[in-house]
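The plan is to go from the overall surface to single residue pairs.

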Amino acid sequence: MRTMETRLLSVPLEQVDGDALVVVAFEVEDAEPAPDLAGGWIGDLYTAGEFRGKSLETALLHRPTGLKAARLLVIGGGKRAKFAPADLRRLAGAALRFLKAKGARTISMALEPGFAGPDHVPAAAEGALLGD
């Protein structure tokens, strides 16, 4: 039985290595431009209509250019203004289950500065532990 290792790092997305990198992306209003997260890959998903940021919606990109991670999982956070630690807990668990089913073993989650505080980080770790 493998044990789960949890680490807190502060590095650019491009330097995160492993099987998968998880990024939370939120719904945008019609007047808002598509977000330019993670080198533009996520913005392209919004522009193409393949991703809208709805809660728990997923898009998986393989070998995105410029990232060390083998996969980029974009998971919807719903409306940014309503996003709470409990939402992040549920999202982290869902992301971990999704990626484990795809064979990923080294998984990292990127949190925006506004969602990387003392309420959200423990919620993400707890969600990942519960999802495992």
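**Surface and burial**

I began with the accessible surface of the protein chain, which comes to about 7,800 Å². Carbon and sulfur atoms own 51% of that area. I keep in mind that this is a predicted model. Next I looked up burial: 37% of the 132 residues count as buried.

**Fold**

I listed the secondary structure and got three helices and four strands. Read from the N terminus, the order is β-α-β-β-α-β-α. I then turned to contacts between residues at least 6 apart in sequence. Of these, 65% join residues at least 24 apart.

**Strand β1**

How many residues of β1 are buried? I find six of its six, so I note the strand as mostly covered, with buried meaning under 20% relative accessible area. I checked which way the side chains go. A20, V22 and V24 point one way from β1. L21, V23 and A25 point the other way. Both sets are buried.

Which strands pair with β1? I find β4, residues 107–110, in the parallel sense over four bridges. I also find β3, again parallel, over five bridges. I wrote down one partner on each side. L21 has S108 of β4 as its bridge partner. A25 has G76 of β3.

**Salt bridges**

I searched the whole structure and the count is five. I went through three of them, starting with K54 and E27.

The side chains of K54 and E27 meet at 3.5 Å, N to O. K54 sits in the loop between α1 (41–47) and β2 (58–62), while E27 is in the loop between β1 (20–25) and α1. The two are 27 residues apart, so I log the pair as a link between distant parts of the chain. K54 itself has 41% relative accessibility and counts as partly exposed.

E27 turned up again with K79. The closest N and O atoms of K79 and E27 are 3.5 Å apart. K79 belongs to the loop between β3 (71–76) and α2 (85–101). This pair spans 52 residues of sequence and also links distant parts of the chain. K79 is partly exposed, at 39% relative accessible area.

R89 lies in helix α2 and E126 in helix α3 (residues 120–131), so the pair ties together parts that are 37 residues apart in sequence. R89 is partly exposed, with a relative accessible area of 28%. E126 is partly exposed too, at 38% relative accessibility.

Which residues are joined into one network by shared partners? I get E27, K54 and K79.

**A123 in helix α3**

My last stop was A123, found in helix α3. Is A123 buried or exposed? I read a relative accessible area of 2%; the cut-off for buried is under 20%, so A123 is buried.

I then asked what A123 touches, leaving out residues up to four places away in sequence. The contacts are P85 and R89.

Terms used
Residues are numbered from 1 along each chain as its sequence is written. This is a predicted model: local features need pLDDT of at least 70, side-chain atom pairs count only at pLDDT 80 or more; totals for chains, interfaces and linings use all residues. Side-chain values use heavy atoms; hydrogens and water are left out. Buried means under 20% relative accessible area, exposed over 50%, partly exposed in between (1.4 Å probe, protein chains only). Contact means heavy atoms within 4.5 Å. Accessible areas come from the Shrake-Rupley method with a 1.4 Å probe; for residues, only the protein chains shown count as cover. A salt bridge is a side-chain nitrogen of Lys or Arg within 4 Å of a carboxyl oxygen of Asp or Glu. Two strands pair if DSSP finds at least two bridges between them.
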